[in-house]
Amino acid sequence: MIDREEILARIGAADDAASLEALRVENLGKQGKVTQLLKTLGKMSPDERKTEGPKIHALREAVQGALDARKAELDRAELEARLKTETLDLSLPTPAAPQGSIHPVSQVMDELAEIFADLGFAVAEGPEIEDDWHNFGALNIPEAHPARAMQDTFYIAQGDNEEGAPQVLRTHTSPVQIRTMMRDKPPLRIIAPGRVYRSDSDATHTPMFHQVEGLVIDRNIHLGHLKWTLETFLKAFFERDDVELRLRPSYFPFTEPSAEVDVGYSIENGRPVIGGRENWMEVLGSGMVHPKVIANCGLDPDEWQGFAFGCGIDRLAMLKYGMDDLRAFFDADLRWLRHYGFSFLDTPTLSAGVGA
Ligand code: PHE
């Protein structure tokens with residue numbers, strides 16, 4: 001016969017989930033003792049079943065109840081033990097654990113997004129592996145055009161895309177202009193920050209660097225809108241009202257007219273300081289989007305005009321935060337990152353000054 005008290009006592013003494021489960025199988029499993037007992041009911045005479053049935057069912061219920069109760073106790077004990085180890089004293093000072101920092105390039109990208117969001121610009125993206133058409137063709141740089149030599153392109157070996165077009169690492173963020181005009185309906189206002197690649201390396205050039213593209217497409221857009229936007233952007237970025245711009249006539253196949261933009265600076269204690277008209281430094285290329293580019297994207301250039309600009313982000317960071325070698329940006333040297341990096345709490349806001 002089964003010793004009910006013994007089973008219940010053993011269940012009550014089970015000290016972990018595994019031994020509790022073993023006891024469940026031993027008694028209520030398919031071959032379990034109580035299960036076997038239940039099976040004997042079928043072979044009993046009706047009278048016997050009347051007296052034995054309730055006893056056996058009561059036994060099964062008692063065992064099940066004991067298992068449930070013990071499981072609840074074990075769960076509660078486990079939770080209490082965990083809560084004891086997980087107490088958090090908010091009044092303790094933070095531990096001197098190693099801390100990461102925000103890379104100046106990421107910080108500047110956040111600053112740009114903040115400044116341009118205030119002017120109604122959305123952030124757009126495009127792939128870093130581009131096809132020839134988006135990177136060159138649609139931007140009015142046909143094959144064998146001398147402008148291709150302006151940028152030392154990394155071609156991807158056997159990099160043809162599904163349509164058989166050759167692929168490149170994008171040499172500028174301008175292909176995002178094309179992707180945006182093909183995808184969305186004007187009016188458009190976007191910036192597109194991201195990585196770009198050119199086969200070039202010295203103190204002021206790295207094979208990978210960052211640009212931010214700007215694009216506005218709307219009706220009746222003219223050069224004045226471009227100049228005002230760049231002035232507003234650079235004053236907010238450098239957090240100075242005396243930022244001076246100089247627009248120099250230039251040439252890009254995808255803008256007409258085109259202008260390169262210099263900012264004025266002076267040298268203080270051997271470092272360039274933005275402001276004034278003493279010296280000039282080129283910071284970006286810009287112009288009115290060429291009607292051919294607008295037409296290449298399926299828009300009517302008689303209805304839609306716009307301006308675009310492209311600006312080196314790393315250069316902006318160097319100017320604002322005083323680094324002098326671009327290569328250090330990508331060395332992942334912790335000492336450099338600790339010195340020039342930003343706290344993750346330094347979220348750029350226009351009200352507090354985007355420089356954080
Ligand atoms: N894509 C050009 C460059 O990388 C910059 C540019 C962008 C010029 C948009 C005009 C308009 O040099």
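A polar contact here is a pair of N or O atoms within 3.5 Å; within protein, one atom must be able to donate a hydrogen and the other to accept it, and residues adjacent in sequence count only if both atoms are side-chain atoms. With that in hand, let us look at the ligand and its surroundings.

The model is predicted, with local features needing pLDDT of at least 70 and side-chain atom pairs counting only at pLDDT 80 or more, while totals for chains, interfaces and linings use all residues. Residues are numbered from 1 along each chain as its sequence is written, and side-chain values use heavy atoms, with hydrogens and water left out.

**Around the ligand**

| Residue | Ligand atom | Distance |
|---|---|---|
| His172 | nitrogen | 3.0 Å |
| Arg198 | oxygen | 2.9 Å |
| Gln211 | oxygen | 3.0 Å |

The protein buries 92% of the 320 Å² that the ligand exposes when taken alone (accessible areas by the Shrake-Rupley method with a 1.4 Å probe).

In total, 15 residues surround the ligand, each with a heavy atom within 4 Å of it. His172, Ser174, Arg198, Gln211 and Gly310 are the closest. By type, the shell holds four nonpolar, nine polar and two charged residues. In this count Ala, Val, Leu, Ile, Met, Phe, Trp, Tyr, Cys and Pro are nonpolar, Asp, Glu, Lys and Arg are charged, and the others, Gly among them, are polar.

Strands β5 (208-218), β9 (279-289) and β10 (305-312) each supply at least two shell residues, and β10 gives the most, with three. Strands (E, at least two residues) and helices (H or I, at least four) are DSSP runs, numbered from the N terminus.

The ligand sits in the largest pocket, meaning that more than half of its atoms lie within 2 Å of the pocket's grid points. A pocket is an open set of points, on a 1 Å grid over the protein atoms alone, where a 1.4 Å probe fits, with protein on both sides within 12 Å along at least five of seven lines.

**Domains and backbone details**

The chain is assigned domain 1 (4-83) and domain 2 (104-340), with bounds from an automatic or database assignment. Their C-alpha centres lie 73 Å apart.

Some backbone spots deserve a look too. Pro186 and Pro187 are joined by a cis peptide bond, with omega about 5°; Pro187 lies in the loop between α7 (175-183) and β4 (188-197). Another cis bond joins Glu256 and Pro257, with omega about -5°, and Pro257 belongs to strand β7 (residues 255-268). Asn220 is not a glycine, yet has a positive phi of about 60°. You will find Asn220 in the loop between β5 and α8 (223-238).

Methods: On a 1 Å grid over the protein atoms alone, a cavity is a set of points where a 1.4 Å probe fits but cannot get out, and a pocket is an open set with protein on both sides within 12 Å along at least five of seven lines; lining residues have an atom within 4 Å of a point.
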